[in-house]
Amino acid sequence: MYIFKSNVDCFLQNRQGERMKTLYTAFEGVNNISCQLVTAINKESLFLTNSFQGIERDIGDPCPDYDTVVMFGVDKALVNCIRIEGCADHNGETICSTYDIKLLEQKINQAKIPYNISYKPTKYLCNFAYWYMLHKISNTIFVHIPSIGRMTPDFMKILIEFFRN
C-alpha cells in the first residue's frame, strides 16, 4: 500500500548538489514509533505491513523516480540512539547498500545524534524488508530507532527535524 503525501518537496541534495527524490518507509501501526516518525517527517512515504508476505506486496515495484529510500524500524534494545544498517541478508544472500553512509555519519555527528553502524544483518522483518528494497533500489538505508518507551519526546523531535531536512 502506497501512501503519498501531496504537495511536499521530497528531494534531498547529494554531494554534487543535485536534487534527489526520496521515499521514506516505516511499518504500519498507530502505536509503531517508526510509523509516527515517518508521518511526522511528512514526506513521500510508504507504510509496510508487519508480515513477511505483506512486504513483497507492499514494496512491489517502487516508482523508478526515487533515487533514495530511507527505511525505519524499531529495535527495542536501543535507548535514545539510532542504528544504521549497512547491509541485509536473506537466505545467505547479503546485499550492502550503495547509500553514502560516510556522508550520513558526518551529518549525524554534526547533529549530535547518538548512533552506531552495523554491517551484521538482523534476522527479523526489518532485515527482510531492507533486503527486498535493496533489490529494487540499491541507494537505500535502514535506520533502527528505539521503541516508544525507550525514546524521549526530545529525541523524537531531533529525529523528525534531522530526517525532515
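**Salt bridges and positive-phi residues**

The side chains of Lys 21 and Glu 44 meet in a salt bridge, with an N to O distance of 3.7 Å. Because Lys 21 lies in strand E3 (residues 19-27) and Glu 44 in the loop between H1 and E4, the pair ties together parts that are 23 residues apart in sequence. The model is predicted, and a search of the whole structure finds 5 salt bridges.

Burial of the Lys 21 and Glu 44 pair
- Lys 21 counts as buried, at 17% relative accessibility, and Glu 44 likewise counts as buried, at 11%.

Other salt bridges
- Glu 85 and Arg 83 meet through their side chains in a salt bridge of 2.5 Å, N to O, and a network of salt bridges links Asp 75, Arg 83 and Glu 85.
- Glu 85 is buried, with a relative accessible area of 3%, and Arg 83 is also buried, with a relative accessible area of 12%.
- In helix H5 (residues 153-164), Glu 161 and Arg 164 are 3 residues apart and so are separated by about one helical turn; their side chains meet in a salt bridge (3.0 Å, N to O).
- Glu 161 counts as partly exposed at 39% relative accessibility, as does Arg 164 at 28%.

- Most residues other than glycine have a negative phi.
- Asn 42, although not a glycine, has a positive phi of about 60°; this residue is found in the loop between helix H1 (33-41) and strand E4 (45-48) and is partly exposed, with a relative accessible area of 38%.
- Asn 91 has a positive phi near 50°; Asn 91 is found in the loop between strand E7 (87-90) and strand E8 (93-96) and is exposed, with a relative accessible area of 73%.

Terms used. Residues numbered from 1 in each chain as written. Predicted model: local features only at pLDDT ≥ 70, side-chain atom pairs only at ≥ 80, totals over all residues. Heavy atoms only, no water. Helix = DSSP H or I, 4+ residues; strand = E, 2+ residues; numbered from the N terminus. Buried < 20%, exposed > 50% of the residue type's maximum accessible area, 1.4 Å probe, protein only. Salt bridge = Lys/Arg side-chain N within 4 Å of Asp/Glu carboxyl O.
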